[in-house]
Amino acid sequence: LFESPRRGWKEVSVIFEVELGALNGLGTMLQELAQADELRDLQTDGLGESGPPAVDAARSVSHVINELCLPGVKERLGETGEICVNLAGEYQSQDEQSIISFDTVMKQYTNATGDWDVPEVPTPSAAKAMVAE
Amino acid sequence: MSLTKTEVYGWKPSELLVLAKMWRDLAANIEGMFGQYESRVKQVNSLFWQGEAATAALTRAQSDRGAAARLADHLERVADIAENGFHEIDAPLRRTQDAIDGAVEDGFGVTEVGLRVYIRGDVTRDEQDALEPARVSWQEQIWSGAEATALADTEVSDALNNALPGLRAAFVSPATLGSEQAAKDAQQLLDDPSGLTPDQRQRLAEAGTLTPEQLLALKSGDFVPISASQMEYMNAIARRFDHMSGEDLEAWLKNAPADARAGVASSFHLLSTKRVIASVQSDAEVPASGAPELLPRQMHQSLTRSDLATTSDDGIALNGVADNQAAARIADWSDPALQNGTGLDAAIMDAAVTYLDHQVAAERGGIVQIGEVGSVDLGGPQLYIDGAEAPADARVTEDMINAVAADRAVVGAAVAGENGQAFMTDVANHEWPDDNKTTGELYGISDPDAGEPR
């Protein structure tokens, strides 16, 4: 008697488009973050010229940050953004009859982004073992 | 180490604070960005997304924020080392400077090298005796300060250098690789594999890894979703080697450190496997799934060439053998845990099956059975390997089968497949020159005589 009204294709399609639009917006924001000035390479010019040697060692840390940390973070933000934008674009052009659920889109998003695994800061003894390797 | 006077006054340990501040600022910025990402998802969820989709989006954003926070922890920790290091070096350095200043104010001289305190000018023996206690006192203060400074510097340098492996491991994840990083690493591999930096080695090694869940999926024969970033990186590396034959590639990669070499080989396995999927369709740089065709082009062409083996009046010719044996040795460099139905292993196995079948034909071709008396070898067709005459029992498939033997899914498919019976007959009939080591590997037993399963 009180069966809820079923949504028509038109309505489903409009909702789906709104959902995809928000995904596209999220993607654009992440791509912008990936380009942000805050992720510029660390500058070490002029540092360490007069010592002590520990400053050189610290410059090596900055070098590793520039070579590995920053490209990794930018890739994570940029690629996640690209996945959002691509998925939104891919399904925006689907015809009404082949609309899939937005849950499915987000499953793809989860799989395509993959888990970003960052280990905990090692304890001093674990760090020592890592160096020994 | 003995400091010079120039160093005592020239060293700027305060630069450690400058660098530490950069790292702390970066840590805060990274955390802030992933905080913004999470906030945006929450905002979108409240307005547009619901149910499973909203949960999926928030779960990913929160897990990334957690990863970013751990990344920031690593940066903070190394900043702690640098800041503490500043104090450890600066205090004795200042003591040394003050002692030198004091000695000079008292009229003494201090040498540039060795920081020796000496009495200036012409003095009488009596004056010298009177000054000596003060000279000795300044000398002790200067030397002990300089020694403590040098020791602190060594300790801080060691602590920072020792932090590098942990930082590299924290900074590199398959989910944060990509084509730009691959382009750099591949270029170095092409220019000089022995010159790969520890940073590049870390990326190459990491690219060929799977999480325990992904490994389980691979072993179970399920689809293995990997990140688009990892697929993009692996594909970009492989594309840079399209022009190299298997032999050239093996010779080249042999110059790379073992960890990087293993990473490249593992990447080839994953990239060649159809069940390894990236879940994206519309990114030209990211294949939607692995495939044998994504192996370096010449390597793939050689493994799948239509004339792997040909028979003519001249004899039996096996072609592409050297390249395909090299491809097998490359495949063998990988992490064996990944060898589970990979496209690379399957292609090597297919080529080996074809080679073996024709080699056995060459071996058996001239043998004629005479009733129950026995057999006589009348000389079979000539075997050619890569265009050169070869004895019928030449080593052809041993390295190939040994390389893929760890891949039980591929071995199983070869044995149970359409031509499995013929393959097993070939295996039984071939004159293995290696005391049946290869057959042992194939059947999964380490010692064929012992009959123990592996």
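pLDDT is the predictor's confidence in each residue, from 0 to 100. This is a predicted model, where local features need pLDDT of at least 70, side-chain atom pairs count only at 80 or more, and totals for chains, interfaces and linings use all residues. Residues are numbered from 1 along each chain as its sequence is written, chains are lettered from A and ligands numbered from 1 in the order written, and side-chain values use heavy atoms, leaving out hydrogens and water.

**Exercise 1.** Work out which elements of chain A have the lowest and highest mean pLDDT.

*Solution.* Then go element by element (helices are DSSP runs of H or I, at least four residues; strands are runs of E, at least two; both are numbered from the N terminus). Helix α4 of chain A (residues 124–132) is lowest with 68, and helix α2 of chain A (residues 53–92) is highest with 94.

**Exercise 2.** Decide whether chain B is a compact globule or more spread out.

*Solution.* First, chain B has 17 helices and 10 strands. Next, its radius of gyration is 33 Å, well over the 22 Å that the globule rule gives for 454 residues, so chain B is more spread out than a compact globule. (The radius is taken over C-alpha atoms; the rule is 2.2 Å times the number of residues to the power 0.38.) Finally, the C-alpha trace of chain B spans about 120 × 75 × 40 Å along its principal axes.
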